[in-house]
Amino acid sequence: MTGPADWIDIGPLDAIPPRGARVVKSPMGCVAVFRTGEDEIYALDNACPHKAGPLAEGIVHGKAVTCPLHNWVISLETGEAQGSDSGSVSTYPARVAQGRILIEAGFLQMRAAE
Amino acid sequence: MTQKLIVIGAGMASGRALEHLVDADADVEITLFNAEPRGNYNRIMLSPVLAGDQTYDDIITHDDAWYADHGITCRFGERIDSIDRAAKTVTAANGDTLFYDKLLIGTGSNPVMIPLPGHDLDGVIAYRDLEDTHRMMGLTKSQKAVVIGGGLLGLEAAAGMAARGVDVTVVHLMGHLMERQLDEAAGYLLRKALVDKGITIRCSANSKEILGENGHARALKLDDGTELPCDLLVMAVGIRPNVGLAKDAGLAVGRGIHVDDQMCTSDPDILAVGECVEHGGQIFGLVAPLYDQAKVAAQTLMGEPATFVQKELSTKLKVTGCDLFSAGDFADGDGREDIVFRDPARGVYKRLVVEDDRIIGAVMYGDTADGNWFYGMIRDKTDISEMRETLIFGPAYQGGSPVDPMAAVAALPPEAEICGCNGVCKGDIVAAIQNGATDLGAVRSVTKASGSCGTCTGLVEQVLSTTLGDDFVMPTAQPMCGCTDLTHEDVRRLIKSRELKTMPAVWQELGWKTSCGCHVCRPALNFYLLADWPLDYRDDPQSRFVNERKHANIQKDGTFSVVPRMWGGITTPDELRAIADAADKYDVPTVKVTGGQRIDLLGVRSEDLPAIWADLGKAGLVSGHAYSKGLRTVKTCVGTDHCRFGTQDSTGLGIKLERALWGSWTPHKVKLAVSGCPRNCAEATCKDLGVVCVDSGYQIGVGGAAGMDVKETEPLVQVASEDEAIAVTKAFVQLYRENAKYLDRPYKWIAKVGLDWVKERVVYDLDERAALVARFELSQSIYQKDPWAEHAETRVDSYKPIANFTLEAAE
């Protein structure tokens, strides 16, 4: 299920600043799409496992984001909370091709299971 | 039977393919067409020619004799106009039609010319061929050149011209140089080296148009209005595969001519190599893969099995004195980790990107001796788990066991240098300790060790520890965060003393342990840099907490609160109507009067922020900065205007203070108040700075608090005039901005430096007071602007979702 048709183009890479994030709205809630300082792209549920803080508003550092509400640090790669905190958020395959951000279409359905 | 092979284009790839064919004595009859009136030269060596290190003769790869010796028919200066695939013929510009059995296309690429207004003026060139190189070499000392493009080619052009005494400016669209090969830290070091060569570098600069005079380029204009005068303008922004001929012949083309792993195009009798091809979605600009393609193409032509495989690439810059190396990949992937090494004193930076115990990318600056060793491990996918601890130190350090750092320091001989900045060796430090300097501060003041860049602080402490044994207690100074061992105070001192003016400069020169900091240090560094270098540093929104990035306070449900400024707590019916209308229009669930004498609209959605700001702005309302580490409010009472006890115009002074201070960034929030008499209705005695008016003037107190701690202000000074009160306030705030630790309110900072130290500078030394006021006003000239108006105008998109699938799915 990783054929080209399964990737959804959500916009140009330039639409997200380095070390920044934007939100994609879906019927099941929001997905936060992050761009690191190295131009990697990650997609995670936009809700911190702690108190559902909007991760897209956090400070991005290395391959992690710090939740703006209570400073939980969440790995962009695994969705796991770092350090002594525990919990995780769902992650979705995302990549950049020819300057466009692509997210695997599954994120539109998978979220129904929550 | 001898095959007829026609080659179109005498470039580096097709030239190499010809070499393979003649070396193997292939049974082919070769005709070589080239539109340029010459044979093959080594294009990548144009930079050394430009710099004067080599001549054109040095870089010719095949001369006329070589072609003659190998029976190759050369038709230089002749263009092929068309290919007839059905008849298997090509037609040259002069009308000659030649039959082929096999055709090899090597039409190369064209430089991309940005279609700026004026790009067709005389004096605007690319950096591609010998003619371009000659144009650059024709510039004389102190003439001016502008290079658009801070990539490999642009920088080589810039350095080559600078070496000839030309005044060169490089204009680069991205935030750092060579962003495709280097990360920010290495880009910073490269920039520093080029600036040392006298080259002016302007990053994040967008070209707008080329200005001309009598048909010749005169200057480049940037979109911020800056004009960069130039006698020659060089565009080095990339290449575009030259596919026209192949496309007209009906071959499959994308960005380049599509080829398979055997370098065959969609027509099996036509092959293509070099910069004109596209393989697996990639196009190629570096020489190594072109040579690989040439070899495969030659083997395919000879009927031998061969496969072109894309490999990781490595890059070196051919600029004397700029030692950099980049290989592999550091983007797009999961599960990657960084190993970072920095040696600020030597200007060395090394970073390895590791995935699944294998190195997949390497960036090095300053010391690239191990570059090929790392490149080999990237290529061979070597498992590095066994040598991970010492990997970054290179091949010379493999095989040993990790040592205890204390034992290492204890084992150092007395003449071993500990502090490189001040030339202090271990023996000097031990002698100082034995003479009574038993802590870090004392050793620093006696020997100067660790007093400059501070990076040897840990070593000095270890010498103290090994010399004193149990008598030494390691100091408990708190480092700023996990990214550094330095304290906030150290970092502030070093940013000033070493004139560090960018975030990557701090990371590199102070030896940050992470690639780009964390949520603790980045906001602090951003503040320190903008407070200390208001003219040089550019604010980084991505290093700010969300409230300061979005100019509103985030609430627990992810909505925001909006607080417009009410100067001194004074408002008007029109302002109140605008606020009420906005609350209705944007369904604001809660409207609250704040403790700072203004109105808070709570529960506004992110995407509505720019619109509500624009509406409020029409009524003259600006950001109240209720979200910032900056001036919040100046609370006032009504003073002499209405109050029967008022001694001075407290409201008027409050408004003047708020007008003077708003928009300034400070280490933590700053709240002021002005009371019109000692009854103190504005509660001025628990503010960061409070003014209490009396008959004879204005009593100014500082360092109050009414939050986690409750504290009364301490008297700073009494002054006779409003102007003096305003000057003292500005000077105090500036002193706080320049010296306090990030997130220390003024009362905490004063407890550390002492009120007398503050008084000395703000009250007694009038020159110092004036200098502080001048520095504050300089900073305000840049930072005092309404962010709401700016964002409502220019940054609306950043407040919205990048995509919205809720509507589609509902269908």
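A salt bridge here is a side-chain nitrogen of Lys or Arg within 4 Å of a carboxyl oxygen of Asp or Glu. The model is predicted: local features need pLDDT of at least 70, side-chain atom pairs count only at pLDDT 80 or more, and totals for chains, interfaces and linings use all residues. Residues are numbered from 1 along each chain as its sequence is written, chains are lettered from A in the order in which they are written, and side-chain values use heavy atoms, without hydrogens and water.

**Exercise 1. Describe the extent of the interface of chain A and chain B.**

Step 1. Take contact as heavy atoms within 4.5 Å. Then 40 residues of chain A touch 43 residues of chain B.

Step 2. Turn to buried area, the accessible area (1.4 Å probe) that two parts lose on being put together, summed over both. The value is about 3100 Å². Carbon and sulfur atoms give 55% of it.

**Exercise 2. Find the salt bridges across the interface.**

Step 1. Apply the rule: four salt bridges are found between chain A and chain B.

Step 2. Inspect the pair A:Glu38 and B:Arg351, which forms a salt bridge. Their closest N and O atoms are 3.3 Å apart.

**Exercise 3. Identify the strand pairing between the chains.**

Step 1. Strands are DSSP runs (E, at least two residues), numbered from the N terminus. Two strands pair if DSSP finds at least two bridges between them.

Step 2. Strand 2 of chain A and strand 39 (residues 803-804) of chain B are joined by two bridges and run parallel.

Step 3. Locate A:Lys25. Its bridge partner in strand 39 of chain B is B:Asn804.

Definitions and conventions: Helices (H or I, at least four residues) and strands (E, at least two) are DSSP runs, numbered from the N terminus.
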